[in-house]
Amino acid sequence: GAAALLHDIGFLRLNGGQFTRPKDNAADFAHAALGADLVCKSGAPEIAVRMIREHHGAQGEPAAQPVRSGGPLPLEVQVLIVADRIDCAAAVGAAETETGSPPGPAVNSSLWSLLSPLRTTCESRLLRAAVELAGVYPVGTKVALTNGTICQVVGQNPNQPMRPTVRLAVDGRGNPVVNPRLIDLSVVRSL
């Protein structure tokens, strides 16, 4: 639990106490080691420290080779890596949707495509379970409809996982929607 709550705490040491991602990727990836050191000094259990330190690979990407040598990452570290990837994708999608910014790479990225780079680092049963639990399009991610409208996923449809419930955010002309409405894509087939 401590690692899940504190895995990105190292960002505070990178940004003068501000919890924001730095623009520099190298600095961004340093947060895992900085966070692990901080949590270690606070007396956290070794497993939490290890999970925080290893939740990014050698180059900072979970898909890269693990930091530790001698075999695969422990399952608890793999769980944290998968949760971090889902959380990051949902947070980016939600922030871009709320600001009305143009769609970024997260638009229409299913959870399968976001997790596929992790196949070399994480067990396939864990990746399948994550998609089953979070849905193909997790809550908070963005989708673009065929008419160009950008929506934020707000709910799942278990019987039709490719058709979530969404909130309109940006219309087909790129303008923020003033009074966004919810649309159940399993019911509404076209706008």
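# Reading a predicted model, feature by feature

Reader: How many disulfides does the structure hold?

Author: A disulfide is counted where two cysteine sulfur atoms lie within 2.5 Å of each other. By this rule the count is zero disulfides. Please bear in mind throughout that this is a predicted model.

Reader: Are Cys 40 and Cys 122 buried, exposed or partly exposed?

Author: Burial is read from the relative accessible area: a residue is buried under 20%, exposed over 50% and partly exposed in between. Cys 40 has a relative accessible area of 42%, so it is partly exposed. Cys 122, at 5% relative accessibility, counts as buried. For the protein chain of 191 residues, the buried share is 43%.

Reader: What pattern do the helices and strands follow along the sequence?

Author: The protein chain contains eight helices and four strands. Read along the sequence, they give α-α-α-α-α-α-α-α-β-β-β-β. As for contacts in the chain with a separation of 6 or more, 46% of them are between residues 24 or more positions apart.

Reader: How many bridges join the strands, and which residues are partners?

Author: Let us take the pairs in turn. Three bridges join β1 to β2, and these strands run antiparallel; Val 143 has Cys 151 in β2 as its bridge partner. Between β2 (residues 150-155) and β3 there are five bridges, again antiparallel, and Gln 152 is partnered by Arg 167 in β3. Three bridges then connect β3 with β4 (residues 182-184), also antiparallel. Arg 167 stands opposite Leu 182 in β4.

Reader: Which residues does Val 153 touch?

Author: Such a list leaves out residues up to four places away in sequence. Val 153 belongs to strand β2 and is buried, with a relative accessible area of 0%. Among the residues it touches are Tyr 137, Pro 138, Val 143, Pro 164 and Val 166. Val 153 and Ile 183 are 30 residues apart in sequence, and their C-alpha atoms are 9.6 Å apart.

Reader: Which residues have the most contacts inside the largest nonpolar core?

Author: The largest nonpolar core has 25 residues, and those with the most contacts inside it are Val 82, Leu 115, Leu 118, Cys 122, Val 143 and Val 166. At least two residues of this core come from each of α6 (75-99), α7 (111-115), α8 (124-134), β2 and β3. Helix α6 gives the most, with five residues. Apart from this core lies another, of seven residues, including Ile 9, Ala 48, Val 49 and Ile 52.

Reader: Where is Gln 78, and is it buried or exposed?

Author: Gln 78 is placed in helix α6. With 2% relative accessibility, Gln 78 counts as buried. Residues up to four places away in sequence aside, Gln 78 touches Leu 73, Thr 121, Cys 122, Glu 123 and Leu 126.

Reader: Which residues of helix α4 are buried, and on what side do they lie?

Author: In α4 (residues 31-41) the buried residues are His 31, Ala 32, Gly 35, Ala 36 and Val 39. These cover an arc of only 130 degrees around the axis, so they are on the same side of α4. After α4 comes Gly 43, whose phi is positive, near 90 degrees.

Methods: Residues are numbered from 1 along each chain as its sequence is written. This is a predicted model: local features need pLDDT of at least 70, side-chain atom pairs count only at pLDDT 80 or more; totals for chains, interfaces and linings use all residues. Side-chain values use heavy atoms; hydrogens and water are left out. Two strands pair if DSSP finds at least two bridges between them. A nonpolar core is a set of buried Ala, Val, Leu, Ile, Met, Phe, Trp, Tyr and Cys residues joined through side-chain atoms within 4.5 Å. Buried means under 20% relative accessible area, exposed over 50%, partly exposed in between (1.4 Å probe, protein chains only). The arc is that of the directions from the helix axis to the C-beta atoms. Contact means heavy atoms within 4.5 Å.
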